[in-house]
Amino acid sequence: MTKEKQSVGEQIYSGAATFGRVWAVVSAIFGTIISIGLLILGIYIIRHKSHLLSVPGTVVEDSKCTTSYSQQRPATTCRTKISYDVDGTNYTQTVDTGAMNYEKSSKVTVWYSPGDPSDPELNPATKGMGWILIAIAFFICFGSWIWVWVTRKSKVAAAAGGAIEAVSLLTGR
């Protein structure tokens, strides 16, 4: 049995399809790793927010903000001194507030862990953010493995994916 010689176009098409299939598997593996990280982060956020309690607090002095430049983009970080009461004990702490600037005497909601009320937070991530990260993780993971399945079933899809990725690698885009 002899193998028929493929034309140059058929060879390119087959090569692009093979590259597309390999690229799909590699991308799915990286997508799975990223999904695991997002899943862990989402669960951490949900669990962290679950055990925090809130109390009213007051800003003791105006926020102290600094702006730094990274690659010509400004990044502002603020530290704010707050006062709050937990079970009759008054706490005064300085907390990072991201880019949020608070004025003296402003009322704020202070979140704290019952095990350590001296470690407050002003703006913890919401449980909803945790659920969004979990949903994104599943979308990335399932989407990438569905693309692997599509490239296995369709040589056209595999070749198109391979050609797009080859051009992307060659042009740096």
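Biologist: Hello! Which residue in the turn of the hairpin formed by E1 and E2 has a positive phi?

Modeller: This is a predicted model, in which local features need pLDDT of at least 70, side-chain atom pairs count only at pLDDT 80 or more, and totals for chains, interfaces and linings use all residues. Residues are numbered from 1 along each chain as its sequence is written, and side-chain values use heavy atoms, leaving out hydrogens and water. Strands are DSSP runs of E with at least two residues, helices runs of H or I with at least four, both numbered from the N terminus. Two residues lie between E1 and E2, and the one in the turn with a phi of about 55 degrees is Gln71.

Biologist: How many bridges pair E1 with E2?

Modeller: Strands count as paired if DSSP finds at least two bridges between them. Lys64 stands opposite Arg79 in E2, while Val59 has Ile82 as its bridge partner there. E1 (residues 53–70) and E2 (residues 73–86) run antiparallel, and their bridges number 11.

Biologist: And on E4, which residue is the bridge partner of Thr58?

Modeller: E1 is joined to E4 (residues 107–113) by six bridges, again in the antiparallel sense. Within that pairing, the partner of Thr58 is Lys107.

Biologist: Is Asp87 buried or exposed?

Modeller: Asp87 lies in the loop between E2 and E3, and has a positive phi of about 50 degrees although it is not a glycine. Buried means under 20% relative accessible area, exposed over 50%, and partly exposed in between, using a 1.4 Å probe and protein chains only. At 79% relative accessibility, Asp87 is therefore exposed.

Biologist: Now the helices: are H1 and H2 roughly parallel or roughly antiparallel?

Modeller: Helix H1 (residues 8–51) packs against helix H2 (residues 127–153) at about 165 degrees, with their axes 7 Å apart. Axes are lines fitted to C-alpha atoms, for helices over the stretch in contact, and angles run from 0 to 180 degrees between N-to-C directions. Angles under 35 degrees count as roughly parallel, over 145 as roughly antiparallel, 65 to 115 as roughly perpendicular and the rest as oblique. H1 and H2 are therefore roughly antiparallel.

Biologist: How many residues in the contact of H1 with H2 are nonpolar?

Modeller: Nonpolar covers Ala, Val, Leu, Ile, Met, Phe, Trp, Tyr, Cys and Pro; charged covers Asp, Glu, Lys and Arg; the others, Gly among them, are polar. The contact has 10 polar and four charged residues, and its nonpolar residues number 23.

Biologist: Finally, what is the radius of gyration of the protein chain?

Modeller: The protein chain has three helices and five strands, running α-β-β-β-β-β-α-α from the N terminus. Taken over C-alpha atoms, the radius is compared with a globule rule of 2.2 Å times the number of residues to the power 0.38. That rule gives 16 Å for 173 residues, so the chain is more spread out than a compact globule, with a radius of gyration of 26 Å.
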